Amino acid sequence: MTENFTDRRDRMVDHLVEQGRIERASTAAALRAVPRHEFVPEERRRHAYDDRPLPIGEDQTISAPHMVGIMLDLLALDPGDRVLEIGTGCGYHAAATAEVVGTENVYSVEYHESLAERARARLTALGYGDISIRVGDGHAGWPAHAPYDAAYLTCAARAIPERVLDQVRDDGGRLLGPIGSRWQTLVLLRKRSDGSIDREDHGGVRFVPMRGGE
Ligand code: SAH
């Protein structure tokens, strides 16, 4: 196995495109750009470009690449959009989002201080240091930087987190995340100018549970 990480990453993204799992050019470009092997523990690096979740410590996992891609596609982000992430984890998904919208437009909340600190150091080392990370319970969102064009959860909420929804903009703001307990539905909400909210369900998914919420 002399193949390097860049080649493996390209092949993984080629597969996702061929399978029709990701469609937007900006999503494919983001997944090609972010060195996923730098986000997983040393002993997992050889699996970094297998399309599957991997453990990252604190009983948490980095999502499978196809899931990050699907979520980027569904949020239909444009450069310059301001985005809130709930669940920084290792920082991979935030980096992929930053590739689309710009590092200075990504705000991420992480419950575990140890994960937030490691993500911050890693993102800085890889040139994504302008991503903002806060330690706290994502149920409260991050009101200081609202309104967001889009918000997404990388952990499963039992119900739509209303305060996060409040923090996405009124006309066209989106909230995407797994909603449910053991098994969840990937739900996309979009606020419309008349005050109503569209809901689309995008199938069954399995994410780690969102903590806190009391
Ligand atoms: N996006 C991540 C995936 C992280 S897994 C990545 O690319 O690695 C889900 C993350 O959500 C975990 O890091 C977990 O600690 C975090 N989390 C769980 N409950 C949370 C809460 N209430 N607020 C913020 N983060 C939470």
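This is a predicted model: local features need pLDDT of at least 70, side-chain atom pairs count only at pLDDT 80 or more; totals for chains, interfaces and linings use all residues.
1. A polar contact, as the term is used in this note, is a pair of N or O atoms within 3.5 Å.

2. A nitrogen atom of the ligand has a backbone N or O atom of Gly87 at 3.2 Å. Glu110 takes part through its side chain, where an N or O atom lies 2.6 Å from an oxygen atom of the ligand. Because a polar contact is defined as a pair of N or O atoms within 3.5 Å, the pair at Gly87, at 3.2 Å, is counted as one.

3. Cover. On its own the ligand has 570 Å² of accessible area, and the protein covers 100% of that area.

4. The shell around the ligand. There are 26 residues around the ligand, and those that come nearest are Glu110, His112, Asp137, Gly138 and Arg211. Sorted by class, the shell holds eleven nonpolar, eleven polar and four charged residues.

5. Where does the ligand sit? The ligand takes up the space of the largest pocket. Strand E2 (60–62), strand E3 (83–86), helix H4 (92–101) and strand E4 (106–110) are the elements that give two or more residues to the shell around the ligand. Of these, E2 gives the most, with three residues.

6. The largest pocket. Its space comes to about 520 Å³. The lining consists of 36 residues, and Thr61, Ser63, Thr154, Phe207 and Val208 are the ones nearest the centre of the pocket. By class, the lining has 18 nonpolar, 13 polar and five charged residues. At least two lining residues come from each of E2, helix H3 (65–75), E3, H4 and E4.

7. A cis peptide bond. Between Ala146 and Pro147 the peptide bond is cis, and its omega is near 0 degrees. Pro147 belongs to the loop that runs between strand E5 (132–135) and strand E6 (150–153).

8. A positive phi. Which residue other than glycine has a phi near 65 degrees? That residue is Asp59, and the value is positive. Asp59 is placed in the loop between strand E1 (54–57) and E2.

Methods
Residues are numbered from 1 along each chain as its sequence is written. Side-chain values use heavy atoms; hydrogens and water are left out. A residue is near a molecule or strand if one of its heavy atoms lies within 4 Å of it. A polar contact is a pair of N or O atoms within 3.5 Å; within protein, one must be able to donate a hydrogen and the other to accept it, and residues adjacent in sequence count only if both atoms are side-chain atoms. Accessible areas come from the Shrake-Rupley method with a 1.4 Å probe; for residues, only the protein chains shown count as cover. On a 1 Å grid over the protein atoms alone, a cavity is a set of points where a 1.4 Å probe fits but cannot get out, and a pocket is an open set with protein on both sides within 12 Å along at least five of seven lines; lining residues have an atom within 4 Å of a point. A molecule sits in a cavity or pocket if more than half of its atoms lie within 2 Å of its grid points. Helices (H or I, at least four residues) and strands (E, at least two) are DSSP runs, numbered from the N terminus. Ala, Val, Leu, Ile, Met, Phe, Trp, Tyr, Cys and Pro count as nonpolar, Asp, Glu, Lys and Arg as charged, and the others, Gly among them, as polar. Grid points are joined across faces, edges and corners, and a volume is the space filled by probe spheres set on the points.
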